[in-house]
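Have the structure open beside you and follow along.

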Amino acid sequence: MPAADKIPLIDRSLFFGNPDIEGGQLSPDGKFITFLKEFNGIMNVWIKEYDDPFDKAKPITDSQRPLYGYSWTKDSRFILFVKDKDGDENLNIFAVDPFLAVDEEGIPTARNLTSFKEVTAQIYAVSQNDPNLLLIGLNNRDPAWHDLYSLKISSGELEFIYENKDRITGYSFDWDDALRLLYRTDEKGNNTILSWRDGEPPQVIYETPVTEQAYVAGWNEDNSLAWLVSNKGEVDLLTLYSLNPTTGEVEKVEDDPQKKVDFGSLRIDRNTRKIISSSYKDDRTRIYWRDKNWEGHYTFLKEKFPGREISYISSTKDYSKLLISVWGDRFAPDIYLFDTKIRQLIHQYTPRPQLKKIEKWLAPMHSISYSSSDGLMITGYLTIPNEMESRNLPLVVLVHGGPKGPRDHWGYNPLVQFLANRGYAVLQPNFRASGGFGKSFMNAGDLQWGKLMQDDISWGVKHLLNEGVAEPSRVGIMGGSYGGYATLAGLAFTPELYACGVDIVGPSNIFTLLESIPPYWEAGRSFLYGMVGDPNTPEGRERIREASPLFSSDRINKPLLIIQGANDPRVKKAESDQIVIELRDKKKPVTYLLADDEGHGFAKPVNRMAMFAETEKFLSEFLGGRYQKEVPDDIKKRLKELTVDIDRVTYTLKEDALIQEDAEMNVSH
């Protein structure tokens, strides 16, 4: 590779191994800083006093599974965190008193506040007035629907509030912790916002069909109005409105001044209850300020770090101190403490200091746009390896998941930088159905899995081929979840375009995907049918069959690497088993990595490192990029454990009515 003599091969552990420190948070009273740091091989929560150096911190959790997230309670008494078991997404809420050391290693005992089996807890609100109170949902009565409870953190006491017998999908509480609004969906996927008053039946105040969105992003100062985000009716872009929770009257407040993208997010001062700013995700994030003081802070920080992005990640209760992250496309994050009273910056930590030392070798990410097969304009990002010309490069198409809602953003992306360092140009297409570009763009993906949605990806490749950026014989496709599906679809439906593919937890058979969705996804069933087809109709079954790569597996003739978590509740292990069996029996090249302790993606560092060691070797073999040949013994051992003997893979397709009714579906396994 031309870059080999100019750019060092960056150790994969600097991208995918555990960072030194991450996830810093200030206690609300400003006396402590917590952060995530490795303990017994897993990123756990540590604590230190505000003025102490980081090397004086002590661990306060000893989880054997990576956490989904953690936070302080408002009185700085407890740390709350959420985790599951081996990726099954049955989330439990835990609390730990960081000042109470009880075990032999001096680590406090974490209490499981929702220790139900096969139940996933949802946090709807953290009380604004009682720091000991959470408002949560539990699906322990009915797996498909969450009832509403209050939860006392100190004791774990649960109090039943509302029995969900009417397809309620969410609850909205005002600044005074009063339940004000309910969200409901019907069997057709249409959504309703209902006004709630104690002792009275809920009243419908706002309705949207399955193809539109509506949600409350907060409340005004006196709780008389909710801030509603919606794209109802003739409005295409998500827009901010005020909503009267009694009458249902709405009034437009704001939409994108440039009329390009959806309303993004609302930042509200929790003390004054006034809006601080709104933001929009365009090629880069645009912020519009309502509060001059906050705008002054932001302007000061942007002047200190030109060309970088600033993110607020934590604050004290009075906002006198902030933790901020400074980052960019080729700049891994740095974390600073910002004293807002005197506008003083103090560096706190760098999550990956070894990577920071060599970040000059990281590659810039550029916005890109091109026309799809039907003329629809598609945007995305293109990253060219540093120190290399944009000509005749091996290309990896990196497809995001979702598909509805997520999109790719500009900024530091470890996987993109890893691939670029190995010598690949990286294309990240925001294909139709990606979120943020209006409901017309999002809904344009309905019933287009494997068709126009796939064209949006394919035409991106063709654009780069026409521009001479990519070499035709060295194009690979890779992605997770929907991106894994797009990988399988790319190899099955446009086999001439790709030299190889890496499918990470991607569905191969949309019939079995729909049959196996978790019970608590029932509210979204019609939404899913709208995207892929209704398996209860002949037209829907035909569309699903056409879109499922499994039934076109005879066209897959390029090498495929499949990566799957055995406990994945979204895309079951069967999705990978089926396609592996079909390719094996057709004597097609396929490699299968399966982790018995993972779900929808690999979270444990040893699994992550093994996965990417195999991925870069696989891509190098078929696309010609560089790869790191040295693999530590523990990773080598784990990779051997993950690699499946495909001759031993078995799966029996259920002979249910949906499959029997489609005579063309003759799947032998």
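Predicted model: local features only at pLDDT ≥ 70, side-chain atom pairs only at ≥ 80, totals over all residues.

Residues are numbered from 1 along each chain as its sequence is written, and side-chain values use heavy atoms, with hydrogens and water left out.

**Strand β33.** I looked up residues 500-504, and five of the five are buried (under 20% relative accessible area; exposed is over 50%, partly exposed in between; 1.4 Å probe, protein chains only). Strands here are DSSP runs of E, at least two residues, and helices are runs of H or I, at least four, numbered from the N terminus. Cys500, Val502 and Ile504 point one way, Gly501 and Asp503 the other.

**Its neighbours.** I found β32 (residues 470-480) parallel to β33, joined by five bridges; strands pair if DSSP finds at least two bridges between them. On the other pairing, β33 runs parallel to β34 (residues 560-565) over four bridges, and Val502 has Leu561 as its bridge partner.

**Salt bridges.** I searched the whole structure and got 39, each a side-chain nitrogen of Lys or Arg within 4 Å of a carboxyl oxygen of Asp or Glu. Arg65 and Asp84 meet at 3.3 Å, N to O. Arg65 lies in the loop between β4 and β5 and Asp84 in the loop between β6 and β7, so the pair ties together parts 19 residues apart in sequence. Both Arg65 and Asp84 are buried.
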